[in-house]
Amino acid sequence: QVSAKDLETKKYLKDLHVPGMSVGKTGLERKLDEKIIGKIGFQRYEVNAFGKRVKQIQINEGQAGESYKTTLDFEVQKYTNELLKDKAAAVCVMDVYNGDIVSMVSSPTFEPNEFVHGLEKNYWNSLIKNELRPLTNKTISGLYPPGSTIKTLVALSALENGVIKPLDTFRCKGKIELYGEKFHCWEKDGHGIVNLRKGIQRSCDVYFYELARRLGIDPIERVAKKFGLGRPSIPGAFEEKKGLIPGRDWKRANLDAAWQTGETLIAGIGQGYMLVTPIQLAVMTARLANGGKAVTPQLLMKPQNASNTNDDLVSVDANGAENNDIQVDPAHIKLMHKAMTSVVNDPDGTAFGSRFNLNGVASAGKTGTVQVRRISKDERESGIIPNEELDWHLRDHALFVGFAPVKNPKYSVAVVVEHGGSGSKVAAPIAQKLLKMALERDREPLKIKTASAAKFNKTKKNTAGTA
């Protein structure tokens, strides 16, 4: 219901004078509140001394509120919720060309109907004390280091700036030393001789330490922002976090310190100060998949009864998204496609175990495993403790970004599972199942998809707590 704060921030409510009116508090409902409500109608009558109506003087029928339809595919959205059950996680699936968001889920969620008529104290306490953070929309407000998912951009930047050629090789011995400080690869004994494709396929940290050292932080910062990281993805989204792509100027302004080369190496594998949201990772992957088009995510289709389409959350048509070219060499983008394809489809790829083949259609991607704790020298020598043996909050975050099909890409996906452990074992299987389902849904006749969603709506109330 309308609160005193709503009356202060939403001036249009003061003119409505309708007791008991409900208004949107967060997400799309907040953004579109005024347009959904419409304009209130009224009737005026002449009455006698006893209050009895004598005649009607004036009538104003008002104006019906606008109806909106999201770009979400109901069945994919439902399936995503099932895959994320009992996990602290976020998923975003989007069309790589027009930006339509097919699925956007934050887990765990909450029961929105509990908020309508006043919230029970016990239920509220269970929400705010839950370490899985059900009240946070992780897709747009969860901030995570991108981990190894950023390596495709680091490689792309190295190619664009002439730092390496595709067949240039480095030897990975399991670690690299810089000014007496050791920077370790996830593969303790190293990957041996590594070129660009193998570096991405096996996610070799030493290879990307070397690329980052040669590049410096400035080119990494520039390419990351070009591909949508460190800036809002959805125009007009109130709860969306900007994230952080660090650089020299940022560190000087915020920490009053000079940028160090060691920090560049850490940024080269997507850790350190760097923070992104899951939807930014989906945008990054979409822009790689579509050949370097600056596609922007869209949550809404054209209003069904609206007179105009100027809303900044609305996709006007299939070509209505921002599709400006990012200035990158198409040949370099193709190299990223081949490397990401090998991640999923080659036996040595980190996501080979979760690959699919849908009548000859395959996917591409990049895994990521993000440390949330510092590993000591003693632990490295004695053996790193497996994630499964650690307390939940000490386990690594699991990430995966990908697109499908490999030829003529259609969808990108980003999956983040908080403290899930390995990106290849936890996040990649979720992403592959969603890409496969999205492609299968494309092959179904529209009337079948619509009927299926309608049938489900009749039997189940709204369960999406985070719009």
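This report looks at a pocket, a helix and several salt bridges in a predicted model.

## About the model

Because the model is predicted, local features need pLDDT of at least 70 and side-chain atom pairs count only at pLDDT 80 or more, while totals for chains, interfaces and linings use all residues. Residues are numbered from 1 along each chain as its sequence is written, and side-chain values use heavy atoms, with hydrogens and water left out.

## The second largest pocket

Let's start with the second largest pocket, which has a volume of about 1,900 Å³. A pocket here is an open set of points on a 1 Å grid over the protein atoms alone, where a 1.4 Å probe fits, with protein on both sides within 12 Å along at least five of seven lines. Its volume is the space filled by probe spheres set on the points, which are joined across faces, edges and corners.

The lining (residues with an atom within 4 Å of a point) comprises 50 residues, and W186, Q371, I375, R380 and I384 lie nearest the centre. By class there are 13 nonpolar, 21 polar and 16 charged residues; Ala, Val, Leu, Ile, Met, Phe, Trp, Tyr, Cys and Pro count as nonpolar, Asp, Glu, Lys and Arg as charged, and the others, Gly among them, as polar. Elements that each supply at least two lining residues include β7 (181-184), α9 (205-215) and α16 (423-442). Helices (H or I, at least four residues) and strands (E, at least two) are DSSP runs, numbered from the N terminus.

## Helix α16

Helix α16 has 20 residues and reaches 27 Å from its first C-alpha to its last, close to the 28 Å expected; that expected span is 1.5 Å times one less than the number of residues. Among its buried residues are G423, I430, L434 and R441. Buried means under 20% relative accessible area, exposed over 50%, and partly exposed in between (1.4 Å probe, protein chains only).

## Salt bridges

The structure holds 17 salt bridges, each a side-chain nitrogen of Lys or Arg within 4 Å of a carboxyl oxygen of Asp or Glu. D73 pairs with R441 at 3.1 Å between the closest N and O atoms. D73 lies in the loop between β2 (53-60) and α4 (74-83) and R441 in helix α16, so this pair ties together parts that are 368 residues apart in sequence. Both partners, D73 and R441, are buried.

K78 and E75 form another salt bridge, with their closest N and O atoms 3.3 Å apart. K78 counts as partly exposed at 24% relative accessibility, whereas E75 counts as buried at 9%. Elsewhere, E210, R213 and R214 are linked in a network of salt bridges.
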